[in-house]
Amino acid sequence: MTALVEVKGLDKAFGGVHAVENVSFSVDAGQVYSVIGPNGAGKTTLFNLITGLYTPTGGEIRLNGETTNDLEPNQLAERGMCRTFQQMQICMNMTAIENVMLGRHLKLKSSLFTTLFRLPGLLRDEKSARQRAADLMEYVGCGDYLETEASAMSYGALKRLEIARALAADPKVILLDEPAAGLNAVETAALEQLIRRIADEGTTVMLVEHDMKLVMGISDHLLVLNYGRVLAEGTPSEIRNNPDVIAAYLGG
Amino acid sequence: MFDQFMKVRLRGMIVLAIIVVVIPLFLTNPFQYDLATQILIVGGAVVGLNLLVGFAGQISLGHAGFFGLGAYFTGIMTGTYGWPAVPTLLLGAAVVGAIAWIVGRPILRLKGHYLSMATLAVGFIIAIIINNESQLTGGPDGMPVPALDLFGWELSSFGLYSFFGIEFDGYELWYFFAGLMLLLAVWLAQNLIDSPIGRGLRAVHGSEVAARVVGVDTAKYKSLVFVISAVYASITGSLYAHFQGFITPAVAGFDFSIILITMVVLGGMGSTYGVILGAAVLTLLPQVLADFQELEMVMFGLILMLTMIFMPKGLLPTLGSMAGKRFAKKTGGQP
Ligand SMILES: Nc1ncnc2c1ncn2[C@@H]1O[C@H](COP(=O)(O)OP(=O)(O)OP(=O)(O)O)[C@@H](O)[C@H]1O
Ligand SMILES: [Mg+2]
């Protein structure tokens with residue numbers, strides 16, 4: 001197996017605050033790889049670094065062997081990376097399905113000329129993008145909301161919508177930052193099914209999540225962060241029995 | 001499903017076309033035609049500005065600068081150098097688009113107030129250049145502009161024309177020509193909005209972070225829409241110059257920039273037809289309130305503020321949803 005995402009000695013400091021410090025790990029293609037840790041441990045910062053929203057202050061990030069430290073998020077998207085956010089990022093000025101079609105942006109290459117004069121190529125592209133978006137919304141379980149304004153949707157539905165948008169790009173790796181936050185037990189169970197399906201279909205999943213039952217049940221590998229540093233790394237059973245983790249996190 | 005979209009869109013354009021055709025029934029003199037034609041031309045400029053402000057969520061407080069550049073490019077090239085009108089208008093649009101790209105690239109990195117200030121400065125600089133280059137532009141006194149020459153056929157407000165035995169005054173023809181141009185402007189704008197590129201632009205407004213992670217090159221898209229809106233301004237500026245026959249640096253000035261942005265905000269940011277209504281209201285209002293001329297800018301400022309506080313969606317969308325509710329009440333629910 002080759003490492004899809006590889007992180008070496010990664011650092012991110014905000015002024016004096018070391019949000020991420022000397023973090024190394026690697027994610028193999030096809031894995032469900034989770035990052036856990038207490039509030040403020042640096043999980044979201046780590047995701048922001050990997051997806052290009054932040055530039056590292058030290059260390060290296062690789063995607064498929066290529067160093068990506070200085071790439072923009074859109075360039076990482078072109079290389080097959082997509083994500084959702086802890087603070088949901090939905091375009092409230094669009095309908096639900098338009099949000100998902102937005103996720104398909106990179107597959108739609110109509111020129112400005114074709115667009116301005118609405119030539120047949122554009123109509124074909126849009127039609128297939130709309131179909132694909134509708135299928136994905138069905139897949140994540142918000143098929144009832146196709147033409148609903150995003151601003152009129154419930155929190156849980158928006159969470160699923162954001163996943164559908166990330167999937168619309170046909171990503172190689174998808175990063176989910178606390179997808180279960182704010183969901184009830186039924187919704188969380190459905191989410192677990194969904195993540196399993198995504199992984200089974202060959203997409204690598206990176207997950208930040210506080211719901212231990214969900215994380216332990218679904219992950220192939222776990223990274224535990226504490227104060228920006230790696231506390232432990234391993235399979236769920238290794239993590240569960242790691243004395244440092246028990247002392248610092250699970251037991252606390 | 002797609003046909004549905006096209007239908008809705010076609011309906012809007014047909015309504016606009018009907019309004020344009022019906023309005024002359026109420027116009028009784030050349031002065032009124034002149035105002036109506038101004039609304040149509042400036043309406044085209046605000047449809048373009050709305051792409052930037054309403055859809056992509058970026059501000060420009062110097063947009064009259066691009067309108068003025070188009071107007072003066074046309075004035076100088078067709079007037080002083082005798083170039084043909086249509087190629088000049090298109091070349092002017094290309095030149096203004098290039099200028100917008102060059103200045104847009106660095107300033108569109110800025111956000112909020114900083115972007116406002118930067119675009120304000122761009123407008124000021126253009127107005128100052130036009131004022132000072134009096135050799136070319138006639139300076140503060142302005143310059144005359146030849147009538148619009150459409151490939152050998154001259155369209156002048158003062159001309160007399162006859163088609164199929166029907167007599168038309170030049171100002172009537174100008175009105176219909178400007179209406180046709182506005183319809184074209186609306187059609188192109190809507191094609192842009194309802195497309196992958198348009199979604200990318202709206203996403204820059206809705207959530208710039210989301211846009212970036214799905215692969216939208218937001219810096220490029222902001223520049224693109226800035227250029228497109230500048231091209232709209234340039235072309236409508238050129239038309240305006242031909243139509244008026246005389247231009248002064250006021251067409252590029254700060255006051256006009258503020259008027260343009262007020263039209264967008266009042267009419268409804270992100271509503272293509274709304275901003276045309278905004279253009280109409282704010283062109284007509286000073287006529288109605290002619291006694292308060294010195295307070296004109298105060299009034300525009302006040303309108304801008306009041307709209308943002310009490311009607312943030314703008315005139316047309318607000319009227320639309322009020323009508324929708326009425327209708328819903330009458331029919332018992334389903335709007
Ligand atoms: N943009 C920023 N500027 C300054 N400090 C930041 C920034 N982003 C994160 N931090 C700091 O970095 C540390 C890690 O934050 P981060 O959001 O990565 O934690 P987290 O593990 O995701 O926490 P949670 O579980 O609450 O989401 C915190 O101390 C936070 O205040
Ligand atoms: Mg977090």
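Colleague: Which conventions apply to numbering, chains and atoms?
Modeller: Residues are numbered from 1 along each chain as its sequence is written, while chains are lettered from A and ligands numbered from 1 in the order in which they are written. In this predicted model local features need pLDDT of at least 70, side-chain atom pairs count only at pLDDT 80 or more, and totals for chains, interfaces and linings use all residues, with side-chain values taken from heavy atoms and with hydrogens and water left out.

Colleague: How do the axes of helix α3 and helix α5 of chain B cross, at what angle?
Modeller: Helices here are DSSP runs of H or I with at least four residues, strands are runs of E with at least two, and both are numbered from the N terminus. Axes are lines fitted to C-alpha atoms, for helices over the stretch in contact, and angles run from 0 to 180 degrees between N-to-C directions. The axes of α3(B), residues 63–80, and α5(B), residues 112–132, come within 8 Å, and the crossing angle is roughly 30°. That makes the two helices roughly parallel (angles under 35 degrees; over 145 is roughly antiparallel, 65 to 115 roughly perpendicular and the rest oblique).

Colleague: How many nonpolar, polar and charged residues are in the contact of α3(B) with α5(B)?
Modeller: Contact means heavy atoms within 4.5 Å. From α3(B), Gly65(B), Phe66(B), Gly68(B), Leu69(B) and Tyr72(B) meet Val122(B), Ile126(B) and Ile130(B) of α5(B). Ala, Val, Leu, Ile, Met, Phe, Trp, Tyr, Cys and Pro count as nonpolar, Asp, Glu, Lys and Arg as charged, and the others, Gly among them, as polar. The contact therefore has 6 nonpolar, 2 polar and no charged residues.

Colleague: Is Thr74(B) buried or exposed?
Modeller: Thr74(B) is in helix α3 of chain B. Leaving aside neighbours within four places in sequence, Thr74(B) is in contact with Gly79(B), Thr88(B), Leu89(B), Val145(B), Ser238(B), Ala241(B) and His242(B). Buried means under 20% relative accessible area, exposed over 50%, and partly exposed in between, with a 1.4 Å probe and protein chains only. At 0% relative accessibility, Thr74(B) is buried.

Colleague: How far apart are the end C-alpha atoms of helix α10 of chain B?
Modeller: The expected span of a helix is 1.5 Å times one less than its number of residues. For the 27 residues of α10(B), residues 218–244, that should be 39 Å, and the end C-alpha atoms agree with this at 38 Å.

Colleague: How many residues of α10(B) are buried?
Modeller: After α10(B) comes Gly245(B), with a positive phi near 75°. The helix α10(B) is largely enclosed by the rest of the structure, because the buried residues number 21 of the 27.

Colleague: Which residues coordinate the magnesium ion?
Modeller: Donors are N, O and S atoms within 2.8 Å of the metal (3.2 Å for Na, K and Ca), and sites may look incomplete because water is not among the atoms. One of the pair lies in helix α1 (residues 43–50) of chain A and the other in the loop between β6 (81–83) and α3 (96–103), so the pair ties together parts that are 42 residues apart in sequence. The magnesium ion, ligand 2, is coordinated at 1.9 to 2.1 Å by Thr44(A) (OG1) and Gln86(A) (OE1).

Colleague: What is the relative accessible area of Gln86(A)?
Modeller: Thr44(A) counts as partly exposed, at 24% relative accessibility. Gln86(A) is also partly exposed, with a value of 32%.

Colleague: Which residues does Thr95(A) touch?
Modeller: Thr95(A) is in the loop between β6 and α3 of chain A and is buried at 11% relative accessibility. The C-alpha atoms of Thr95(A) and Ser151(A) are separated by 8.0 Å, although 56 residues apart along the chain. Not counting residues up to four places away in sequence, Thr95(A) touches Leu146(A), Glu147(A), Thr148(A), Glu149(A) and Ala150(A).

Colleague: Which residues does Pro196(B) touch?
Modeller: Pro196(B) belongs to helix α8 (residues 196–206) of chain B, and at 5% relative accessibility it is buried. Not counting residues up to four places away in sequence, Pro196(B) touches His105(A), Leu108(A), Leu122(A) and Glu126(A).

Colleague: What is the phi of Tyr227(A)?
Modeller: Tyr227(A) is in the loop between β9 (221–226) and β10 (229–234) of chain A, and is exposed at 66% relative accessibility. Tyr227(A) is not a glycine, yet its phi is positive, about 50°.
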